[in-house]
Amino acid sequence: MYGTYGFAFHIEKDGFSIEVNQENGIYVYRRSLDGSSAERKLVSSGGRVIVNPVEPLNLPREVSRHLIVEFEPVSIEPGAQETVYLTFPIEVAVFVAAKGNYEVLDIFSWNRQKYTLYGSPDRGLIARWWGSQVAFSPPLVDPRREGLLSLTITNATNAWVDVSRVVLEGYGMKIFYDDSASIRAWMRISSSMVAETGCHDAPYRDGQRKSLELYTARSIPGIERSRFLMDQGI
């Protein structure tokens, strides 16, 4: 499903369909999934349609810039660095590209969205919630619903530390894809309650392409945040 298409294509599988057709001199985009649908009319001399996974922070509407992934606690020994494997929720965006500009046509997902509070009611923030199994080798994923989150944890303290969640800043999220999506993230623990997190701008495996990022497509100026300080528990 992911990829770049011309202005006439059709994909249909397992109750999902997406297409662009020319009708009466204009192009029409249509998407159908599990009873929901979207349609846009495009007046254009031609271009490209890009379908790729994006930051999972847009549905049912944009209410948070942060993703929190919770998992069973793992204990990290003092000074150690360990990579664990989690999953993250998939949202798919459809872009139209023409004359150097990008427009978001549609965003959809096979997942239901849940949000939660990270931290205290007075200092916390709303985050998109996702629960994941934790593994020490890459798990199989359902590419429609979840991507692979590789998280390298560094315990920079002199004590054992338990970790059961990671919060990622949406603007710094770097997603790569082939048949499925992946993120390479890191966490540096500075105390039993505090860690800094971020994402590497590199694919998990060779051959993966970088997703077109929504904040780039929307031309949001002044966005430079790429790290997040988890100071209300890890």
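V163 is in contact (heavy atoms within 4.5 Å) with F71, E72, P73, V74, I76, I153, M187, I189 and I234, leaving aside neighbours within four places in sequence. The model is predicted: local features need pLDDT of at least 70, side-chain atom pairs count only at pLDDT 80 or more, and totals for chains, interfaces and linings use all residues. Residues are numbered from 1 along each chain as its sequence is written, and side-chain values use heavy atoms, with hydrogens and water left out.

V163 belongs to the largest nonpolar core, which has 56 residues. A nonpolar core is a set of buried Ala, Val, Leu, Ile, Met, Phe, Trp, Tyr and Cys residues joined through side-chain atoms within 4.5 Å. Buried means under 20% relative accessible area, exposed over 50%, and partly exposed in between (1.4 Å probe, protein chains only). L149, V163, V166 and M187 touch the most other members of this core. Its largest share, 6 residues, comes from strand 7 (residues 66-76). A second, separate core has 10 residues, among them L59, F95, V104 and L212. In soluble globular proteins, nonpolar side chains tend to be buried together.

The chain holds 1 helix and 19 strands. These are DSSP runs, numbered from the N terminus: helices are H or I of at least four residues, strands E of at least two. Along its principal axes the C-alpha trace spans about 70 × 35 × 30 Å. Of the 234 residues, 49% are buried. Among contacts between residues at least 6 apart in sequence, 73% join residues at least 24 apart.

The chain exposes about 11600 Å², of which carbon and sulfur atoms supply 46%. Accessible areas come from the Shrake-Rupley method with a 1.4 Å probe; for residues, only the protein chains shown count as cover. The mean positions of the 25 positive and 28 negative charges are 4 Å apart. Lys and Arg count as positive and Asp and Glu as negative, with His and the chain ends not counted. Each charge is placed at NZ of Lys, CZ of Arg, CG of Asp or CD of Glu.

Several loop residues were examined. The loop between strand 6 (48-54) and strand 7 contains P60. The peptide bond from L59 to P60 is cis, with omega near -5 degrees. N58 lies in the loop between strand 6 and strand 7. At 11% relative accessibility, N58 is buried. N58 and R128 are 70 residues apart in sequence, yet 9.5 Å apart in space, C-alpha to C-alpha.

R128 also touches N111. N111 sits in the loop between strand 10 (101-108) and strand 11 (115-118). Its relative accessibility is 10%, so N111 counts as buried. Not counting residues up to four places away in sequence, N111 touches P89, I90, R128, W130 and R145.

D14 is in the loop between strand 2 (9-13) and strand 3 (16-23). D14 is exposed, with a relative accessible area of 60%. K99 is in the loop between strand 9 (91-98) and strand 10. At 79% relative accessibility, K99 counts as exposed.
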